[in-house]
Amino acid sequence: MRILCTNDDGIHAPGLKVVEEIARALSDDVWVVAPELDQSGVSHSLSLNDPLRLREVGPRHFAVRGTPTDCVIMGARHILGPKLPDVVLSGVNKGRNVAEDVVYSGTIAGALEGTILGLPSFALSQEFSVETRERPPWDTARKFGPDILRKVIAAGVPKDTVININFPSCAPEDVLGIRVTRQGKRNLGFLRIDERRDGRGNPYFWIGFERTAMMDTPTDGTDLAALRERYVSVTPLRLDRTNEAFSEELSATLK
């Protein structure tokens with residue numbers, strides 16, 4: 001099995017080493033193609049107006065000055081030659097990718113691009129807490145990642161489906177199990193604008209997140225609830241975002 005690994009945190013991110021370890025538990029044919037720089041939050045951006053710079057950093061390890069989407073295309077269509085990867089792994093992201101995160105996440109986008117190419121693709125993310133921000137519990141992803149991947153790959157990933165895996169912010173021995181979940185939803189106040197002033201008094205801004213919004217009690221069965229209860233969350237996400245029910249209603253309205 002040939003595995004292509006990427007991420008959005010960059011070629012030197014600790015989580016990229018973790019996803020490579022997970023991949024090597026499944027196969028010896030592992031390739032790493034990751035962004036040269038941190039690309040967190042770039043979503044499914046594709047570089048069309050800028051050239052892609054490619055740098056080989058080691059055997060079967062490449063850095064691309066571009067987005068996670070660029071990296072998967074570069075890996076599958078150029079670096080790996082005529083033999084496509086059998087599986088794409090994106091991650092392990094530092095921080096969870098749940099609820100609305102899946103819209104913004106470069107980690108999810110890397111896996112989505114693999115799905116668009118017709119490949120079984122997985123996004124992997126390791127949640128951290130305030131206390132573990134500097135040292136996320138990577139061992140949790142290391143322990144549970146390989147077995148989950150083996151089982152899902154053996155069962156078969158449906159066409160146009162990405163498997164989004166989130167590991168809870170606790171030690172491996174404290175994980176209570178694995179749950180198949182649906183995408184959750186936070187309240188509408190989780191985004192905020194933080195205004196500051198530079199040395200000359202000119203304003204600049206950071207997009208931030210309200211912690212109080214993140215503390216809401218999540219709905220049962222969601223990715224948010226699973227992580228809160230110390231379960232690994234496995235969410236199958238569809239590439240096709242068509243709202244079928246409303247589509248029928250809209251057709252009747254526009255006749």
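The protein chain comprises eight helices and 11 strands, where helices (H or I, at least four residues) and strands (E, at least two) are DSSP runs numbered from the N terminus. The model is predicted, with local features requiring pLDDT of at least 70 and side-chain atom pairs counting only at pLDDT 80 or more, whereas totals for chains, interfaces and linings use all residues. Residues are numbered from 1 along each chain as its sequence is written, and side-chain values use heavy atoms, with hydrogens and water left out.

For 255 residues, a compact globule would have a radius of gyration near 18 Å, and the 19 Å of the protein chain agrees with this; the radius is taken over C-alpha atoms, and the globule rule is 2.2 Å times the number of residues to the power 0.38. Along the principal axes, the C-alpha atoms fill a box of roughly 55 × 55 × 45 Å. Of the 255 residues, 49% are buried, a class defined by a relative accessible area under 20%, with exposed meaning over 50% and partly exposed in between (1.4 Å probe, protein chains only). Among contacts (heavy atoms within 4.5 Å) with a separation of 6 or more, 75% are formed by residues 24 or more positions apart.

In helix α1 (residues 14-24), the buried residues include Gly 15, Leu 16, Val 18, Val 19, Glu 20, Ile 22 and Ala 23, and the cover over the buried residues of α1 includes strands β1 (2-6), β2 (29-35), β4 (61-64), β5 (87-94) and β6 (121-126) together with helix α5. Helix α4 (residues 106-116) is largely enclosed by the rest of the structure, because 10 of its 11 residues are buried; among them are Ile 108, Leu 112 and Glu 113. At the start of α4, a side-chain oxygen of Ser 105 comes to within 3.0 Å of the backbone nitrogen of Thr 107, while just after α4 Gly 118 adopts a positive phi of about 85°.

Helix α5 (residues 138-155) contains Ile 148, which counts as buried at 6% relative accessibility. Leaving aside neighbours within four places in sequence, Ile 148 is in contact with Ile 165, Phe 167, Ile 178, Val 232 and Val 234.

Asn 166 is located in strand β7 (residues 161-167) and is buried, with a relative accessible area of 0%. The side chain of Asn 166 reaches the backbone nitrogen of Asn 97 at 2.8 Å, and, not counting residues up to four places away in sequence, Asn 166 touches Arg 96, Asn 97, Val 98, Ser 125, Leu 227, Tyr 231, Val 232 and Ser 233.

Arg 179, in strand β8 (residues 177-180), is partly exposed, with a relative accessible area of 31%. The side chain of Arg 179 makes a polar contact with that of Glu 229 at 2.6 Å, a polar contact being a pair of N or O atoms within 3.5 Å of which, within protein, one must be able to donate a hydrogen and the other to accept it, and residues adjacent in sequence counting only if both atoms are side-chain atoms. Besides Glu 229, the residues touched by Arg 179, not counting those up to four places away in sequence, include Ala 226, Tyr 231, Val 232, Ser 233 and Val 234.
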